[in-house]
Amino acid sequence: MFRLFCLTFFDRHPMIRFKDVSLSLGNKQLLKNFNLRIGKGDKVLLAAQSGSGKTSLLRLILGFTDPDAGKILFNKKALTPENTQKIRRQIAYLSQDVDFPNGKVSEVFQEIFQFSANKHLPYSETMLREKLSAFDLPESLLSKNTSVISGGERQRLGWILIQLLDRPVLLLDEPTSAMDEKQKQRFIDYVLKTKKTVVCVSHDPAWQIPEMKVITNFTP
Ligand SMILES: Nc1ncnc2c1ncn2[C@@H]1O[C@H](COP(=O)(O)OP(=O)(O)OP(=O)(O)O)[C@@H](O)[C@H]1O
């Protein structure tokens, strides 16, 4: 009975919450008194039209952009300059162009797992090799520079990275745009199976499935 009460009580608090958020960029009002509650484990699809502010909404969650009005709360705490760093450590962000730092793939991955935020995670080149094979990527990719790999390879490498980082929240910006149908379906299946909280931006109808809470408009 007590447990039931706790679950019901805590379920009322979303993991990520937009509370009356307004945002303008340039001369364009993107969000106006926008409210959204994203619960732990929810799968949200941002499918509003191009230029409506989907990427900007992800950037608000990461604290890269500040709202003009309103608040963004993460586990009930409003985002502030003091806590954004800590909050970002709970988020894996796959940006639209999956911009890896410049360098050899093997070295870039090595470096990422030496950051203080990631040092505690198990990582080895053997693990990376196993992932490459599971994702139909050749081992020769390890010695290539990140600046010369193809868009599809880049997206799959990004997908490998977010799996290895194992963070509770995934923010995905057009994560499957350069994948073939088989890879795309595998990615969607992974998102549906994971217990993580996922906010995904995509125009692709393949993402418009009942398990996703679809948002097509940010202004009232
Ligand atoms: N720093 C900025 N300064 C001025 N305008 C900006 C800035 N960043 C984004 N914008 C504009 O804000 C609007 C929303 O951009 P955003 O990238 O969030 O849209 P989007 O919905 O993700 O678009 P798309 O689906 O085409 O990727 C666009 O018109 C964009 O040009």
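Let's start at Cys-200: setting aside neighbours within four places in sequence, Cys-200 is in contact with Leu-45, Leu-46, Leu-172, Pro-175, Val-191 and Trp-207 (contact means C-beta atoms, placed from the backbone, within 7 Å). A word on the model: it is predicted, with local features needing pLDDT of at least 70 and side-chain atom pairs counting only at pLDDT 80 or more, while totals for chains, interfaces and linings use all residues. Residues are numbered from 1 along each chain as its sequence is written.

Cys-200 also belongs to the largest nonpolar core, which has 40 residues; Leu-46, Leu-171, Val-199 and Cys-200 touch the most other members. Such a core is a set of buried Ala, Val, Leu, Ile, Met, Phe, Trp, Tyr and Cys residues joined through C-beta atoms within 7 Å. Buried means 20 or more other C-beta atoms within 10 Å of a residue's own, exposed means 12 or fewer, and partly exposed is in between, with C-beta atoms placed from the backbone. Another core, of six residues, lies apart from that one and includes Val-105 and Leu-128.

Now for the ligand. Around it sit Leu-25, Gly-26, Lys-28, Leu-30, Ser-50, Gly-51, Ser-52, Gly-53, Lys-54, Thr-55 and Ser-56. Strand 2 (28–38) and helix 2 (54–61) are the elements giving two or more residues to this shell (helices are DSSP runs of H or I, at least four residues, and strands runs of E, at least two, numbered from the N terminus). Helix 2 gives the largest share, three residues.

Finally, look at Val-148, in the loop between helix 5 (125–134) and helix 6 (151–165). Val-148 counts as exposed because 7 other C-beta atoms lie within 10 Å.

Terms used: Near = placed C-beta within 6 Å. Contact = placed C-beta atoms within 7 Å.
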